[in-house]
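Student: Got a model open here and a few things to check. Can we go through it piece by piece?
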Amino acid sequence: MLANKKYSVSFFKILLALGFGYFFWLMLTITLEYIPLRPDVSFLMIKQTEVEQRPEYLTFFYAHVYTSILILLSGFLAIMRKDFGIPNFHRTTGKVYILLLLIFSAPSGIYMGIFANGGFYAKISFVILGCLWWFSTLKAYQYARKRNFILHKQWMWRSFALTLSAVTLRMWKVIIVYVFHPNPMDVYQIIAWLGWIPNILLIEYLITKKHL
């Protein structure tokens, strides 16, 4: 039984590492589109109302985009729970992940969720996602401070599952558009929920089965 559990965890981590490497590269290419700073490229092209009418929007947007790519990388390295021969590597990457997320990325994501495309239900989803992202990361930090590393690990996995919504959201978008060809605004309403709910359900299942 113990051997099966270790095998399941190792296999899951290998799949995660392979998938992460590919999708991190894709996310990095998206992030690089916003260097240098310009208000009229990529996603911002469909957010010109917010850009023109809300001076703070670009600040929140860039805070979210630039920190999220670092959070994606540091979060992955932290949940691997390896120091790779570097003293305190796991602790340092975990601190980077938690601080950037709590201070910059989650709050800016909640703000952007208020102005998300797709109407009321999409906005609600993104705001809930941002709040859960912030809360789960805070819980992970609190349990680390209390040295309850079992619960710390579980909450970090929950947090990272929500971090990966940036990736899974885009995966679902490609699948839905390719298969069903829906109206663009309908796509936002669907992927707003599909981007994170399956992620957190999978993690809860793995935690319940004591695989994490």
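Student: What should α6 span, and how far apart are its end C-alpha atoms?
Tutor: In this predicted model, the 15 residues of α6 should span 21 Å at 1.5 Å a residue, and its end C-alpha atoms are 20 Å apart, which agrees. The expected span is 1.5 Å times one less than the number of residues. Helices are DSSP runs of H or I with at least four residues, numbered from the N terminus.

Student: How many residues of α6 are buried?
Tutor: 11 of the 15, so α6 is largely enclosed by the rest of the structure. Buried means under 20% relative accessible area, exposed over 50%, and partly exposed in between, with a 1.4 Å probe and protein chains only. Among the buried ones are Trp155, Trp157, Arg158 and Thr163.

Student: What does the side chain of Thr163 make a polar contact with?
Tutor: The side chain of Trp133, at 2.8 Å. A polar contact is a pair of N or O atoms within 3.5 Å; within protein, one must be able to donate a hydrogen and the other to accept it, and residues adjacent in sequence count only if both atoms are side-chain atoms. Thr163 itself is buried, at 6% relative accessible area.

Student: Switching to the core. Which residues have the most contacts inside the largest one?
Tutor: Leu72 and Tyr97, in a nonpolar core of 43 residues. Such a core is a set of buried Ala, Val, Leu, Ile, Met, Phe, Trp, Tyr and Cys residues joined through side-chain atoms within 4.5 Å. Leaving aside neighbours within four places in sequence, Leu72 is in contact (heavy atoms within 4.5 Å) with residues including Phe20, Phe160 and Thr163.

Student: And salt bridges, how many?
Tutor: The count comes to 3, taking a side-chain nitrogen of Lys or Arg within 4 Å of a carboxyl oxygen of Asp or Glu. One of them pairs Glu204 with Arg158, with the closest N and O atoms 2.5 Å apart.

Student: Where do those two sit?
Tutor: Glu204 is in helix α9 and Arg158 in helix α6, 46 residues apart, so the pair links distant parts of the chain.

Student: Buried or partly exposed, for each?
Tutor: Glu204 is partly exposed at 29%, whereas Arg158 is buried at 13%.

Key:
Residues numbered from 1 in each chain as written. Predicted model: local features only at pLDDT ≥ 70, side-chain atom pairs only at ≥ 80, totals over all residues. Heavy atoms only, no water.
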